Amino acid sequence: MEYKDYYKILGVSKDAPESEIKKAYRKLARQFHPDLNPGNRSAEERFKEINEANEVLNDPEKRRKYDDLGSNWEQVQRDRETARQYARPGGWSQENFDLGDFFATFFGERMSGFGGTPFTTGPRPGGDLQYEIELTLEDLFHGPRKLLNLFVGETCPTCHGQGMVMTSFFREGKKQVVTSAQPCGTCHGTGQIRSPREVQVKIPKGVKEGSKIRLAGMGGQGIQGGPAGDLYLTVRVLPHRLFRLNGYDLEADLPVWADEAALGMQAPVPTLGQKVLLKIPPGSPSERRLRLSGKGLHKPGGKGAGDLYYRIRVMVPDQLSARERELFAELRRLRIEGGHDQTIRKNLE
Ligand SMILES: [Zn+2]
């Protein structure tokens, strides 16, 4: 393909101001207009060429790209095949409308900036996706597979990942069919849309608040055979109705009646796994922490697990039966007689 010198076609210098280009175009367009040259094929060709040159030089952005092209022209020619792939049935360079092959190749390759996304042909990797997932402590403990409903990137069906679409229209004033690239309205030029997908995620053991789970290849689809992006899930741990999380340890309150605290007992208590029997030693005061070893969350790298602590809260009944009142009174009498009353409020004296 021949390099087309648009400046030469319009008969202006490379540093010609916009006004001069406009003037030159108007003059030449009048001169070679098909209406004024009926049946003259070379005038028609010339007219097309003039329009093509004007299309580029009259647009500051396209002109800048065109100016940049000069030294890269051989590369652009090598890329021509890619450009042909890019042109689809109904697309532009195949139909070869007014804007010639040169323009098509050049701008098919080089046009960029639609929707803020650089446009290039050829394989491109899909984008990485970031999601937050909310996990319960049970999720963290069991590390199950979890079915997530995510919106993941997929190739835009409208523009097939190109980010732009070709539109052809008849330009009344110029009496020609013009085909131009427009940013794709479906994906706003990104080439990707987000569509709902169910994703099975294996929750690895040892994740905690803020952990990132990487799912390779589960991100946005690659463009034209490019590799898919990755999906990153940031873990947010939901509050639990019983357990507070402290690193890999868990803590929960254990209400016990005064007599249970005094006499001791075995209490069935929940863990994130099965219920266990927790031994409450006789004489357990409020705030004492009873440890269930290894019943916390898994630590990463198979380094065991944290512990589960039950913190004792000694409760007293707020309504007493007559008999209970009698017995509590009896307890008080025995305590005073036994001399146990002197020490309990010593710190307040
Ligand atoms: Zn699109």
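Q: Two strands pair if DSSP finds at least two bridges between them; how many bridges join strand 6 to strand 7?
A: Four bridges link strand 6 to strand 7 (residues 231-237), so they count as paired under the cut-off of at least two. The two run antiparallel, and K212 has T234 of strand 7 as its bridge partner. Strands here are DSSP runs of E with at least two residues, helices are runs of H or I with at least four, and both are numbered from the N terminus.

Q: What kind of model is this, and which pLDDT values count?
A: The model is predicted: local features need pLDDT of at least 70 and side-chain atom pairs count only at pLDDT 80 or more, while totals for chains, interfaces and linings use all residues. Residue numbers start from 1 along each chain as its sequence is written.

Q: How many helices and strands does the chain have?
A: There are 11 helices and 13 strands.

Q: What makes strand 1 and strand 6 edge strands?
A: They belong to an open sheet of three strands in the order 1-7-6, with mixed pairing. Strand 1 (129-135) and strand 6 (212-215) each pair on one side only. The twist averages 30° from one strand to the next. Strand 1 pairs with strand 7 in the parallel sense over seven bridges, and I133 has V235 in strand 7 as its bridge partner.

Q: Why is one side of strand 8 and of strand 12 left without a neighbour in the sheet?
A: This open sheet has four strands in the order 8-9-13-12, and its pairing is mixed. Strand 8 (244-246) and strand 12 (289-292) are at the edges with a single partner strand each, so one side of each has no neighbour in the sheet. Direction ignored, neighbouring strands are turned by 35° against each other on average. Strand 8 runs antiparallel to strand 9 (residues 249-257), joined by three bridges; R244 stands opposite E251 in strand 9.

Q: How do you know that strand 10 and strand 11 pair, and in which sense?
A: Strand 10 (residues 265-269) and strand 11 (residues 276-280) share five bridges in the antiparallel sense. A hairpin connects them through six residues, and V269 has V276 in strand 11 as its bridge partner.

Q: Which residues of helix 2 and helix 3 meet?
A: I21, Y25, L28, A29 and F32 in helix 2 meet A43, R46, F47, I50, N54 and L57 in helix 3. Two residues are in contact if their C-beta atoms, placed from the backbone, lie within 7 Å.

Q: Why does the span of helix 11 agree with what it should be?
A: The expected span is 1.5 Å times one less than the number of residues. For the 17 residues of helix 11 (residues 322-338) that gives 24 Å, and the end C-alpha atoms are 24 Å apart, so the two agree. Helix 3 (residues 41-57) also has 17 residues and reaches 24 Å from its first C-alpha to its last, close to the 24 Å expected.

Q: How do you know that helix 11 is hardly covered?
A: The count of buried residues among its 17 residues is zero. Buried means that 20 or more other C-beta atoms lie within 10 Å of a residue's own, exposed means 12 or fewer, and partly exposed is in between, with C-beta atoms placed from the backbone. After helix 11 comes G339, with a positive phi near 80°. In helix 3, the buried residues are F47, I50, N51, A53, N54, V56 and L57.

Q: Why is D5 called exposed?
A: D5 has 11 other C-beta atoms within 10 Å, so it is exposed. D5 is found in the segment before helix 1 (6-10). D5 and A53 are 48 residues apart in sequence, with their C-alpha atoms 8.2 Å apart in space.

How values were computed: Axes fitted to C-alpha atoms, helices over the stretch in contact; angles between N-to-C directions.
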